[in-house]
Amino acid sequence: MTAPELTGRCLCGAVTVRVAGPHDPRPGACHCRMCQRWSGGLFLCFNASADAVAVDGPVTRFASSDFAERAFCSVCGSHLWMRDNTGTTYDLMPGLFDEACTWPLRSEVYADRALASARLQGDHRRATQAEYEQKNRHVPEAVP
C-alpha cells in the first residue's frame with residue numbers, strides 16, 4: 001500500500017522522519033511485555049520500506065533483542081521506530097506524523113496480554129501471544 005509522502009517530527013523537533021514511497025499507514029498494535037515497558041502500555045507502529053524512509057537529526061539506537069533495534073531522539077527521548085536486523089522495513093511511531101489521527105487500526109498482536117486500560121475495540125485482525133509466537137521470532141515473556 002502506498003500513501004502520500006509524510007513528514008514527522010519528534011517532540012522537540014530535533015529529529016525529522018520523511019516517508020516517500022511504499023508504506024502502509026494503518027498502524028498495528030502490540031501488547032507484548034517488552035512493548036508495554038517501552039511505550040508505557042501499548043506500542044503502535046506502521047510499516048514503511050527502508051528505501052522510503054529518510055531520517056535527519058540525533059538518533060540513539062538500542063538493541064532491544066538479538067533481532068531488533070528500537071530508536072529514539074537523543075535530545076527529547078521521543079520513540080521513533082522499531083526495526084528488525086534485516087533492515088528492509090521500519091516500524092514507525094504514528095504519533096510522529098500529524099496525519100496519523102485519521103488512520104484506522106490494521107492489526108493487534110499479543111491481544112490477550114493487553115493491559116486492562118489499553119484493550120482495543122474494533123474489527124481488525126487479532127493474534128494471541130501463542131498465535132503470534134508460533135509464526136514469529138519473539139523475546140520470551142518475563143511475566144507469565
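Student: What should I know before I start?
Tutor: The model is predicted: local features need pLDDT of at least 70, side-chain atom pairs count only at pLDDT 80 or more, and totals for chains, interfaces and linings use all residues. Residues are numbered from 1 along each chain as its sequence is written, and side-chain values use heavy atoms, with hydrogens and water left out.

Student: How many helices and strands are there in the protein chain?
Tutor: Helices (H or I, at least four residues) and strands (E, at least two) are DSSP runs, numbered from the N terminus. Here the protein chain has 2 helices and 11 strands. Their order along the sequence is β-β-β-α-β-β-β-β-β-β-β-β-α.

Student: What share of the residues is buried?
Tutor: Buried means under 20% relative accessible area, exposed over 50%, partly exposed in between (1.4 Å probe, protein chains only). Of the 144 residues in the protein chain, 43% are buried.

Student: How many disulfides does the structure hold?
Tutor: A disulfide is a covalent bond between the sulfur atoms of two cysteines. The test is a pair of cysteine sulfur atoms within 2.5 Å. This structure has 0 disulfides.

Student: Are Cys-45 and Cys-101 buried or exposed?
Tutor: Cys-45 is buried, at 8% relative accessible area. Cys-101 is exposed, at 71% relative accessibility.
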